[in-house]
Amino acid sequence: MTIDRNPTRTWTPRTLAAQALGRVDEASRAIVPPVHIATTYLRDPDNQYRSGNIYGRPDNETVREAEAVIAALEGAAAAMVLGSGMSAATAVFLALAPGDHVVVPQTMYWWLRNWLLGDATRWGLRVEVVDTGDLDAVRAAMRPGETKLVWIETPSNPLWSLTDIAGVAAIAHAAGAAVTVDSTCATPMLTRPLEHGADIVLHAATKYLNGHSDVIAGALATARTDQLWERIRRNRSTLGQILGPLEAYLLIRGMRTFPLRVMAACASAMALAERLSGHPAVAEVLYPGLPGHPGHAIARRQMQGGFGGMLSIRVRDGEGAAIAAAARVELWKRATSLGGVESLIEHRASMEGEGSPCPPDLLRLSTGIEDPDDLFADLDRALRGANS
Ligand code: PLP
(Lines give C-alpha, C1' and ligand atoms only; values in the text may rest on other atoms or scores of the structure.)
Protein backbone atom coordinates (compact mmCIF):
# COMPACT_ATOMS: atom_id res chain seq x y z
CA MET A 1 0.00 0.00 0.00
CA THR A 2 1.66 3.23 -1.11
CA ILE A 3 0.41 6.78 -1.47
CA ASP A 4 1.23 9.25 -4.23
CA ARG A 5 2.10 12.65 -2.89
CA ASN A 6 4.59 13.61 -5.53
CA PRO A 7 4.16 11.96 -8.93
CA THR A 8 7.81 10.90 -8.92
CA ARG A 9 7.78 9.26 -5.47
CA THR A 10 5.54 7.14 -3.30
CA TRP A 11 5.74 6.83 0.45
CA THR A 12 4.00 4.27 2.61
CA PRO A 13 1.46 5.40 5.25
CA ARG A 14 4.00 4.61 7.98
CA THR A 15 6.51 6.99 6.41
CA LEU A 16 3.94 9.72 5.76
CA ALA A 17 2.66 9.48 9.33
CA ALA A 18 6.14 9.51 10.91
CA GLN A 19 6.93 12.86 9.28
CA ALA A 20 3.38 14.23 9.27
CA LEU A 21 3.88 14.50 5.47
CA GLY A 22 7.37 15.93 5.94
CA ARG A 23 6.30 19.55 5.83
CA VAL A 24 8.70 22.18 7.15
CA ASP A 25 7.54 25.58 8.40
CA GLU A 26 8.77 28.06 5.77
CA ALA A 27 9.25 30.99 8.17
CA SER A 28 11.26 29.22 10.89
CA ARG A 29 12.44 26.02 9.09
CA ALA A 30 11.01 24.11 12.09
CA ILE A 31 10.34 20.44 11.39
CA VAL A 32 7.44 20.43 13.83
CA PRO A 33 4.42 22.45 12.68
CA PRO A 34 3.62 25.64 14.58
CA VAL A 35 0.31 25.88 16.47
CA HIS A 36 -1.84 28.66 15.02
CA ILE A 37 -4.13 29.94 17.73
CA ALA A 38 -5.37 33.21 16.18
CA THR A 39 -9.13 33.53 15.88
CA THR A 40 -8.98 36.27 13.21
CA TYR A 41 -6.70 37.20 10.29
CA LEU A 42 -5.55 40.45 8.67
CA ARG A 43 -7.42 41.58 5.58
CA ASP A 44 -5.26 42.78 2.65
CA PRO A 45 -5.27 46.57 1.96
CA ASP A 46 -7.24 45.99 -1.26
CA ASN A 47 -9.98 44.31 0.81
CA GLN A 48 -9.04 40.71 -0.17
CA TYR A 49 -8.18 37.73 2.06
CA ARG A 50 -5.44 36.14 -0.06
CA SER A 51 -4.19 33.90 2.75
CA GLY A 52 -7.46 31.99 2.53
CA ASN A 53 -7.98 32.65 6.25
CA ILE A 54 -10.74 34.96 7.44
CA TYR A 55 -12.00 33.79 10.82
CA GLY A 56 -11.15 30.97 13.23
CA ARG A 57 -14.47 29.12 13.17
CA PRO A 58 -13.94 27.92 9.60
CA ASP A 59 -10.19 28.61 9.13
CA ASN A 60 -7.15 27.26 10.93
CA GLU A 61 -3.79 26.20 9.48
CA THR A 62 -3.00 23.68 12.24
CA VAL A 63 -6.34 22.04 11.59
CA ARG A 64 -5.56 21.97 7.85
CA GLU A 65 -2.21 20.33 8.60
CA ALA A 66 -3.96 17.53 10.53
CA GLU A 67 -6.48 17.19 7.69
CA ALA A 68 -3.72 16.88 5.08
CA VAL A 69 -2.17 13.97 7.00
CA ILE A 70 -5.52 12.17 7.34
CA ALA A 71 -6.40 12.73 3.67
CA ALA A 72 -3.03 11.26 2.62
CA LEU A 73 -3.41 8.27 4.93
CA GLU A 74 -6.91 7.50 3.60
CA GLY A 75 -6.07 8.29 -0.05
CA ALA A 76 -8.88 10.86 0.12
CA ALA A 77 -9.68 13.94 -1.95
CA ALA A 78 -10.11 15.94 1.28
CA ALA A 79 -10.44 15.51 5.03
CA MET A 80 -12.10 17.50 7.80
CA VAL A 81 -11.44 17.38 11.54
CA LEU A 82 -14.15 18.16 14.05
CA GLY A 83 -14.51 18.43 17.82
CA SER A 84 -15.26 14.73 18.44
CA GLY A 85 -16.06 11.48 16.67
CA MET A 86 -19.72 12.11 17.49
CA SER A 87 -19.66 15.60 15.99
CA ALA A 88 -18.13 14.11 12.82
CA ALA A 89 -20.75 11.35 12.66
CA THR A 90 -23.72 13.61 13.36
CA ALA A 91 -22.36 16.16 10.85
CA VAL A 92 -22.79 13.56 8.08
CA PHE A 93 -26.39 12.73 9.05
CA LEU A 94 -27.33 16.39 9.57
CA ALA A 95 -26.11 17.20 6.04
CA LEU A 96 -29.04 15.08 4.78
CA ALA A 97 -32.57 16.41 4.60
CA PRO A 98 -35.50 15.64 6.91
CA GLY A 99 -37.44 12.76 5.35
CA ASP A 100 -34.35 11.06 3.91
CA HIS A 101 -34.08 7.33 4.54
CA VAL A 102 -30.83 5.99 6.01
CA VAL A 103 -29.70 2.43 6.66
CA VAL A 104 -27.56 1.82 9.76
CA PRO A 105 -26.07 -1.32 11.33
CA GLN A 106 -27.37 -3.34 14.26
CA THR A 107 -23.92 -3.38 15.84
CA MET A 108 -22.32 0.03 16.02
CA TYR A 109 -21.06 2.69 18.44
CA TRP A 110 -23.94 2.71 20.92
CA TRP A 111 -24.17 6.45 21.54
CA LEU A 112 -24.52 7.13 17.81
CA ARG A 113 -27.18 4.39 17.53
CA ASN A 114 -29.12 5.99 20.40
CA TRP A 115 -28.87 9.43 18.78
CA LEU A 116 -30.07 8.02 15.44
CA LEU A 117 -33.05 6.27 16.95
CA GLY A 118 -33.88 9.26 19.15
CA ASP A 119 -32.96 12.81 18.14
CA ALA A 120 -32.22 12.10 14.47
CA THR A 121 -35.57 10.38 14.03
CA ARG A 122 -37.37 13.28 15.75
CA TRP A 123 -35.49 15.66 13.41
CA GLY A 124 -36.99 13.75 10.47
CA LEU A 125 -34.53 11.12 9.30
CA ARG A 126 -36.10 7.74 8.57
CA VAL A 127 -33.63 5.37 10.20
CA GLU A 128 -33.65 1.66 9.31
CA VAL A 129 -31.51 -0.73 11.35
CA VAL A 130 -30.23 -3.82 9.52
CA ASP A 131 -27.51 -6.43 9.90
CA THR A 132 -25.05 -4.84 7.45
CA GLY A 133 -22.97 -8.03 7.57
CA ASP A 134 -25.79 -9.62 5.56
CA LEU A 135 -25.72 -8.18 2.03
CA ASP A 136 -29.18 -9.56 1.23
CA ALA A 137 -30.56 -7.65 4.22
CA VAL A 138 -28.85 -4.46 3.00
CA ARG A 139 -30.27 -4.99 -0.50
CA ALA A 140 -33.76 -5.54 0.89
CA ALA A 141 -33.55 -2.34 2.96
CA MET A 142 -32.72 -0.05 0.04
CA ARG A 143 -35.44 2.28 -1.22
CA PRO A 144 -34.10 3.69 -4.52
CA GLY A 145 -34.51 7.45 -4.64
CA GLU A 146 -35.27 7.64 -0.90
CA THR A 147 -32.26 5.98 0.73
CA LYS A 148 -29.54 8.62 0.82
CA LEU A 149 -26.95 7.01 3.08
CA VAL A 150 -25.81 3.59 4.22
CA TRP A 151 -23.71 3.74 7.39
CA ILE A 152 -21.42 0.90 8.33
CA GLU A 153 -18.89 0.28 11.07
CA THR A 154 -16.24 -2.40 10.52
CA PRO A 155 -15.02 -4.06 12.65
CA SER A 156 -17.95 -3.00 14.81
CA ASN A 157 -18.32 -2.39 18.50
CA PRO A 158 -18.35 -4.54 20.64
CA LEU A 159 -18.76 -7.86 18.78
CA TRP A 160 -16.14 -7.00 16.12
CA SER A 161 -18.44 -8.10 13.31
CA LEU A 162 -17.19 -7.42 9.80
CA THR A 163 -19.04 -5.72 6.95
CA ASP A 164 -18.01 -6.18 3.32
CA ILE A 165 -17.42 -2.56 2.30
CA ALA A 166 -17.24 -3.25 -1.46
CA GLY A 167 -20.41 -5.37 -1.32
CA VAL A 168 -22.37 -2.68 0.53
CA ALA A 169 -21.00 0.08 -1.71
CA ALA A 170 -22.17 -1.73 -4.87
CA ILE A 171 -25.69 -2.17 -3.45
CA ALA A 172 -25.94 1.39 -2.07
CA HIS A 173 -24.60 3.05 -5.21
CA ALA A 174 -27.01 1.10 -7.42
CA ALA A 175 -29.83 2.64 -5.36
CA GLY A 176 -28.31 6.15 -5.45
CA ALA A 177 -27.14 6.16 -1.81
CA ALA A 178 -23.73 7.15 -0.42
CA VAL A 179 -21.74 4.94 1.96
CA THR A 180 -19.98 6.12 5.10
CA VAL A 181 -17.67 3.77 7.01
CA ASP A 182 -16.80 4.24 10.67
CA SER A 183 -13.27 2.89 10.37
CA THR A 184 -12.13 3.95 13.83
CA CYS A 185 -11.09 0.45 14.86
CA ALA A 186 -9.50 -0.55 11.54
CA THR A 187 -7.52 2.68 11.14
CA PRO A 188 -5.96 3.54 7.75
CA MET A 189 -3.11 1.10 8.55
CA LEU A 190 -5.44 -1.89 8.22
CA THR A 191 -8.23 -0.78 5.86
CA ARG A 192 -8.66 2.16 3.48
CA PRO A 193 -12.43 2.13 2.90
CA LEU A 194 -12.37 4.56 -0.05
CA GLU A 195 -10.35 1.97 -2.00
CA HIS A 196 -13.24 -0.46 -1.41
CA GLY A 197 -15.82 1.95 -2.83
CA ALA A 198 -16.91 3.92 0.27
CA ASP A 199 -17.69 7.62 -0.17
CA ILE A 200 -16.78 8.94 3.28
CA VAL A 201 -14.65 7.51 6.07
CA LEU A 202 -15.12 8.47 9.71
CA HIS A 203 -12.63 8.21 12.54
CA ALA A 204 -13.15 8.87 16.18
CA ALA A 205 -9.63 10.37 16.11
CA THR A 206 -9.88 10.28 19.91
CA LYS A 207 -8.88 6.62 19.56
CA TYR A 208 -5.99 5.16 17.51
CA LEU A 209 -5.11 8.23 15.43
CA ASN A 210 -4.31 10.30 18.51
CA GLY A 211 -3.63 7.26 20.66
CA HIS A 212 -2.75 8.82 24.01
CA SER A 213 -6.19 9.22 25.62
CA ASP A 214 -5.72 12.99 25.83
CA VAL A 215 -7.65 14.43 22.86
CA ILE A 216 -11.31 14.18 21.86
CA ALA A 217 -11.47 14.59 18.07
CA GLY A 218 -13.29 13.37 14.98
CA ALA A 219 -12.23 13.11 11.34
CA LEU A 220 -13.97 12.63 8.02
CA ALA A 221 -12.24 11.83 4.72
CA THR A 222 -14.02 11.89 1.39
CA ALA A 223 -13.57 10.25 -2.00
CA ARG A 224 -14.71 13.47 -3.72
CA THR A 225 -15.63 17.02 -2.74
CA ASP A 226 -19.25 16.76 -3.84
CA GLN A 227 -22.42 18.50 -2.62
CA LEU A 228 -22.76 16.29 0.47
CA TRP A 229 -19.19 17.12 1.48
CA GLU A 230 -19.75 20.85 0.95
CA ARG A 231 -22.90 20.73 3.11
CA ILE A 232 -20.93 19.01 5.88
CA ARG A 233 -18.21 21.65 5.59
CA ARG A 234 -20.74 24.49 5.70
CA ASN A 235 -22.42 22.97 8.74
CA ARG A 236 -19.08 22.59 10.50
CA SER A 237 -18.46 26.32 10.06
CA THR A 238 -21.98 27.38 10.94
CA LEU A 239 -22.37 25.10 13.96
CA GLY A 240 -18.82 25.72 15.19
CA GLN A 241 -17.74 22.07 15.12
CA ILE A 242 -14.11 22.61 14.12
CA LEU A 243 -11.40 21.04 16.26
CA GLY A 244 -9.40 23.49 18.39
CA PRO A 245 -5.82 24.20 17.20
CA LEU A 246 -4.14 22.82 20.34
CA GLU A 247 -6.03 19.55 19.95
CA ALA A 248 -5.22 19.52 16.23
CA TYR A 249 -1.53 19.85 17.10
CA LEU A 250 -1.74 16.98 19.61
CA LEU A 251 -3.52 14.90 16.99
CA ILE A 252 -0.72 15.55 14.47
CA ARG A 253 1.82 14.50 17.10
CA GLY A 254 -0.17 11.38 17.96
CA MET A 255 -0.52 10.39 14.30
CA ARG A 256 3.25 10.33 13.84
CA THR A 257 3.44 7.07 15.81
CA PHE A 258 0.04 5.56 15.11
CA PRO A 259 1.27 2.92 12.61
CA LEU A 260 3.73 1.55 15.18
CA ARG A 261 1.11 1.59 17.93
CA VAL A 262 -1.46 -0.12 15.72
CA MET A 263 0.99 -2.83 14.66
CA ALA A 264 1.92 -3.51 18.30
CA ALA A 265 -1.74 -3.58 19.37
CA CYS A 266 -2.65 -5.96 16.53
CA ALA A 267 0.14 -8.39 17.42
CA SER A 268 -0.81 -8.36 21.11
CA ALA A 269 -4.55 -8.68 20.43
CA MET A 270 -3.89 -11.71 18.19
CA ALA A 271 -1.68 -13.32 20.85
CA LEU A 272 -4.26 -12.63 23.57
CA ALA A 273 -7.13 -13.94 21.42
CA GLU A 274 -5.25 -17.19 20.86
CA ARG A 275 -4.26 -17.60 24.51
CA LEU A 276 -7.73 -16.76 25.81
CA SER A 277 -9.42 -19.24 23.44
CA GLY A 278 -9.69 -22.37 25.52
CA HIS A 279 -9.12 -20.50 28.82
CA PRO A 280 -11.25 -22.29 31.44
CA ALA A 281 -13.04 -19.06 32.47
CA VAL A 282 -13.76 -17.92 28.89
CA ALA A 283 -16.77 -19.18 26.92
CA GLU A 284 -15.93 -17.35 23.69
CA VAL A 285 -13.36 -14.97 22.23
CA LEU A 286 -14.62 -12.47 19.66
CA TYR A 287 -11.72 -11.41 17.45
CA PRO A 288 -11.76 -11.20 13.63
CA GLY A 289 -8.24 -12.64 13.46
CA LEU A 290 -9.43 -16.02 14.75
CA PRO A 291 -10.33 -18.44 11.91
CA GLY A 292 -13.59 -19.34 13.69
CA HIS A 293 -14.83 -15.72 13.83
CA PRO A 294 -17.82 -15.27 11.46
CA GLY A 295 -16.18 -12.24 9.82
CA HIS A 296 -12.75 -13.83 9.39
CA ALA A 297 -12.97 -14.34 5.61
CA ILE A 298 -14.03 -10.72 5.01
CA ALA A 299 -11.37 -9.51 7.45
CA ARG A 300 -8.68 -11.37 5.51
CA ARG A 301 -9.84 -9.69 2.31
CA GLN A 302 -10.42 -6.23 3.67
CA MET A 303 -7.80 -5.77 6.40
CA GLN A 304 -4.08 -5.74 5.67
CA GLY A 305 -1.35 -6.14 8.26
CA GLY A 306 -3.53 -7.24 11.17
CA PHE A 307 -7.02 -7.62 12.55
CA GLY A 308 -7.05 -4.70 14.97
CA GLY A 309 -6.33 -4.14 18.63
CA MET A 310 -9.88 -4.73 19.86
CA LEU A 311 -11.33 -8.01 21.10
CA SER A 312 -14.06 -9.14 23.45
CA ILE A 313 -14.41 -12.17 25.67
CA ARG A 314 -17.54 -13.81 27.02
CA VAL A 315 -17.04 -15.01 30.57
CA ARG A 316 -18.21 -18.56 31.16
CA ASP A 317 -19.87 -17.92 34.53
CA GLY A 318 -21.94 -14.97 33.29
CA GLU A 319 -22.38 -11.29 34.02
CA GLY A 320 -21.46 -11.33 37.72
CA ALA A 321 -18.24 -13.22 37.01
CA ALA A 322 -17.38 -10.80 34.18
CA ILE A 323 -17.82 -7.74 36.42
CA ALA A 324 -15.85 -9.45 39.20
CA ALA A 325 -12.99 -10.30 36.82
CA ALA A 326 -12.83 -6.68 35.61
CA ALA A 327 -12.66 -5.60 39.27
CA ARG A 328 -9.57 -7.79 39.86
CA VAL A 329 -7.24 -6.55 37.10
CA GLU A 330 -4.19 -4.56 38.14
CA LEU A 331 -2.46 -3.71 34.86
CA TRP A 332 -5.47 -3.32 32.57
CA LYS A 333 -7.35 -0.11 33.29
CA ARG A 334 -11.09 -0.39 33.96
CA ALA A 335 -12.31 2.38 31.67
CA THR A 336 -14.33 3.08 28.59
CA SER A 337 -12.77 4.13 25.23
CA LEU A 338 -10.16 2.38 23.10
CA GLY A 339 -7.12 2.84 20.91
CA GLY A 340 -4.75 4.33 23.50
CA VAL A 341 -1.28 3.15 24.49
CA GLU A 342 -2.68 1.74 27.74
CA SER A 343 -4.86 -1.38 27.70
CA LEU A 344 -8.47 -0.94 28.81
CA ILE A 345 -11.08 -3.42 30.00
CA GLU A 346 -14.79 -2.70 30.16
CA HIS A 347 -17.98 -4.51 31.08
CA ARG A 348 -19.67 -3.13 28.00
CA ALA A 349 -23.32 -3.93 28.75
CA SER A 350 -23.16 -1.69 31.86
CA MET A 351 -22.24 1.17 29.51
CA GLU A 352 -24.60 0.50 26.59
CA GLY A 353 -27.78 -0.19 28.56
CA GLU A 354 -31.15 -1.10 27.06
CA GLY A 355 -31.42 -1.99 23.37
CA SER A 356 -27.77 -2.98 23.10
CA PRO A 357 -26.86 -6.17 21.21
CA CYS A 358 -24.01 -6.61 23.72
CA PRO A 359 -24.32 -9.82 25.80
CA PRO A 360 -24.16 -9.19 29.57
CA ASP A 361 -21.25 -11.60 30.08
CA LEU A 362 -18.99 -9.66 27.64
CA LEU A 363 -15.78 -7.85 28.57
CA ARG A 364 -14.37 -5.54 25.91
CA LEU A 365 -10.59 -5.35 25.69
CA SER A 366 -8.64 -2.53 24.04
CA THR A 367 -5.08 -3.77 23.70
CA GLY A 368 -2.42 -1.13 24.22
CA ILE A 369 1.32 -1.38 23.67
CA GLU A 370 2.39 -3.03 26.94
CA ASP A 371 4.17 -6.40 26.94
CA PRO A 372 1.56 -8.97 25.85
CA ASP A 373 2.86 -11.51 28.40
CA ASP A 374 2.14 -9.02 31.20
CA LEU A 375 -1.30 -8.32 29.75
CA PHE A 376 -2.14 -12.02 29.60
CA ALA A 377 -0.82 -12.74 33.10
CA ASP A 378 -2.95 -9.95 34.59
CA LEU A 379 -6.10 -11.12 32.77
CA ASP A 380 -5.47 -14.77 33.56
CA ARG A 381 -5.15 -13.95 37.28
CA ALA A 382 -8.29 -11.83 37.20
CA LEU A 383 -10.31 -14.44 35.32
CA ARG A 384 -9.22 -17.25 37.65
CA GLY A 385 -10.34 -15.20 40.65
CA ALA A 386 -6.97 -14.75 42.33
CA ASN A 387 -6.14 -11.34 43.75
CA SER A 388 -2.39 -11.40 43.31
N1 PLP B 1 -17.10 5.61 16.64
C2 PLP B 1 -16.57 4.64 17.41
C3 PLP B 1 -16.31 3.29 16.81
C4 PLP B 1 -16.30 4.89 18.76
O5 PLP B 1 -15.79 3.91 19.53
C6 PLP B 1 -16.56 6.19 19.29
C7 PLP B 1 -16.32 6.48 20.71
O8 PLP B 1 -16.07 5.61 21.53
C9 PLP B 1 -17.10 7.15 18.45
C10 PLP B 1 -17.34 6.84 17.13
C11 PLP B 1 -17.37 8.54 18.96
O12 PLP B 1 -16.14 9.22 19.16
P13 PLP B 1 -15.97 10.41 20.23
O14 PLP B 1 -16.00 9.79 21.59
O15 PLP B 1 -14.67 11.05 19.87
O16 PLP B 1 -17.13 11.32 20.03
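The model is predicted, so local features need pLDDT of at least 70 and side-chain atom pairs count only at pLDDT 80 or more, whereas totals for chains, interfaces and linings use all residues. Residues are numbered from 1 along each chain as its sequence is written, and side-chain values use heavy atoms, with hydrogens and water left out.

The chain is assigned domain 1 (13-255) and domain 2 (258-384), the bounds coming from an automatic or database domain assignment. The centres of the two domains, taken over C-alpha atoms, are 26 Å apart. Contact (heavy atoms within 4.5 Å) involves 39 residues of domain 1 and 42 residues of domain 2. The area buried between the domains is about 3100 Å², and carbon and sulfur atoms give 62% of that area. Buried area here is the accessible area (1.4 Å probe) that two parts lose on being put together, summed over both. Trp160, Leu190 and Tyr208 supply 25% of the area that domain 1 buries against domain 2, more than any other three residues.

One salt bridge is counted between domain 1 and domain 2, the term denoting a side-chain nitrogen of Lys or Arg within 4 Å of a carboxyl oxygen of Asp or Glu. Aspartate 164 and arginine 301 form a salt bridge in which the closest N and O atoms are 3.4 Å apart. On the side of domain 1 that touches domain 2, at least two residues each come from helix 1 (13-18), helix 4 (110-123), helix 6 (165-174), helix 7 (187-190) and helix 9 (245-256). Helix 7 gives the most to this side, with four residues. By class, the residues of this side are 20 nonpolar, 15 polar and four charged. Ala, Val, Leu, Ile, Met, Phe, Trp, Tyr, Cys and Pro count as nonpolar, Asp, Glu, Lys and Arg as charged, and the others, Gly among them, as polar. Helices (H or I, at least four residues) and strands (E, at least two) are DSSP runs, numbered from the N terminus.

The loop between strand 6 (147-153) and helix 6 contains proline 155, proline 158 and tryptophan 160. The peptide bond from threonine 154 to proline 155 is cis, with omega near -15°, and a cis bond with omega about -15° also joins asparagine 157 and proline 158. Tryptophan 160 has a positive phi near 60° although not a glycine. This tryptophan is buried, its relative accessible area being 1%; buried means under 20%, exposed over 50% and partly exposed in between (1.4 Å probe, protein chains only). Serine 213, in the loop between strand 8 (200-204) and strand 9 (218-222), likewise has a positive phi, about 55°. Serine 213 is partly exposed, at 48% relative accessibility.

Glutamate 67 belongs to helix 2 (residues 61-74) and counts as buried because its relative accessibility is 8%. A polar atom of the glutamate 67 side chain lies 2.9 Å from the backbone nitrogen of valine 81. The side chain of glutamate 67 also makes a polar contact with that of arginine 236 (2.9 Å). Leaving aside residues up to four places away in sequence, glutamate 67 touches Ala79, Met80, Val81 and Arg236.

Definitions and conventions: A polar contact is a pair of N or O atoms within 3.5 Å; within protein, one must be able to donate a hydrogen and the other to accept it, and residues adjacent in sequence count only if both atoms are side-chain atoms.
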